[in-house]
Amino acid sequence: MAGKHELEKFEYLFVDIEWNQTPGTNGIEDREPIQIGVVATDESMNLKNHFPERCD
């Protein structure tokens, strides 16, 4: 039986970071992340895990 904290293995991780940025700027100095999403898939691109959970 797998333990609660056993590591799950993934082939691919896709990370999406949304930033807020001061209008009219193009440097990274004034940016800060406002939302981060991660999707993990197996080698066939089947969804294995994701963060954050959907709030529908």
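Me: Let me start with location: in which segment is the place of Pro52?

Reply: Helices (H or I, at least four residues) and strands (E, at least two) are DSSP runs, numbered from the N terminus. Pro52 has its place in the segment after strand 3, and the peptide bond that leads from Phe51 to Pro52 is cis, with omega near -5 degrees. Before we go on, please keep in mind that this is a predicted model, in which local features need pLDDT of at least 70 and side-chain atom pairs count only at pLDDT 80 or more, while totals for chains, interfaces and linings use all residues. Residues are numbered from 1 along each chain as its sequence is written, and side-chain values use heavy atoms, with hydrogens and water left out.

Me: How many helices and strands does the protein have?

Reply: The protein has zero helices and three strands, and from the N terminus on its elements run β-β-β. Strand 1 covers 12-20, whereas strand 2 covers 32-41 and strand 3 covers 47-51.

Me: How should I read burial, and what share of the residues in the protein is buried?

Reply: A residue is called buried under 20% relative accessible area, exposed over 50%, and partly exposed in between (1.4 Å probe, protein chains only). Buried residues make up 7% of the 56 residues in the protein. The accessible surface of the protein, computed by the Shrake-Rupley method with a 1.4 Å probe, where for residues only the protein chains shown count as cover, comes to about 5,400 Å², and 52% of that belongs to carbon and sulfur atoms.

Me: Is Thr41 buried or exposed?

Reply: Thr41, which lies in strand 2, counts as buried because its relative accessibility is 5%. As for its surroundings, contact means heavy atoms within 4.5 Å; not counting residues up to four places away in sequence, Thr41 touches Phe10, Glu11, Tyr12, Phe14, Asn46, Leu47 and Lys48.

Me: What share of the contacts in the protein joins residues 24 or more positions apart?

Reply: Such pairs account for 34% of the contacts with a separation of 6 or more. Phe14, found in strand 1, and Val39, found in strand 2, are 25 residues apart in sequence and 5.2 Å apart in space, C-alpha to C-alpha. Not counting residues up to four places away in sequence, Phe14 touches Gly37, Val38, Val39, Thr41 and Met45.

Me: How do I read a nonpolar surface patch, and which residues make the one of about 470 Å²?

Reply: Patches are made of residues with over 30% relative accessible area and no salt bridge, where like charges are joined within 9 Å and nonpolar side chains (Val, Leu, Ile, Met, Phe, Trp, Tyr) within 5 Å. A salt bridge, in turn, is a side-chain nitrogen of Lys or Arg within 4 Å of a carboxyl oxygen of Asp or Glu. The patch here is made by Tyr12, Phe14, Val39, Met45 and Leu47. Among them, Phe14 is partly exposed, with a relative accessible area of 42%, Val39 is partly exposed at 33%, and Met45 is partly exposed at 46%. Met45, found in the loop between strand 2 and strand 3, has a positive phi of about 65 degrees although it is not a glycine.

Me: Where does Asp42 lie, and how far away is the nearest side chain of opposite charge?

Reply: Lys and Arg count as positive and Asp and Glu as negative, while His and the chain ends are not counted. Asp42 lies in the loop between strand 2 and strand 3; it is buried yet has no salt bridge, and the nearest side chain of opposite charge, Lys48, is 4.6 Å away. Polar atoms of the Asp42 side chain do lie 2.9 Å from the backbone nitrogen of Ser44 and 2.9 Å from the backbone nitrogen of Asn46.

Methods
A polar contact is a pair of N or O atoms within 3.5 Å; within protein, one must be able to donate a hydrogen and the other to accept it, and residues adjacent in sequence count only if both atoms are side-chain atoms.
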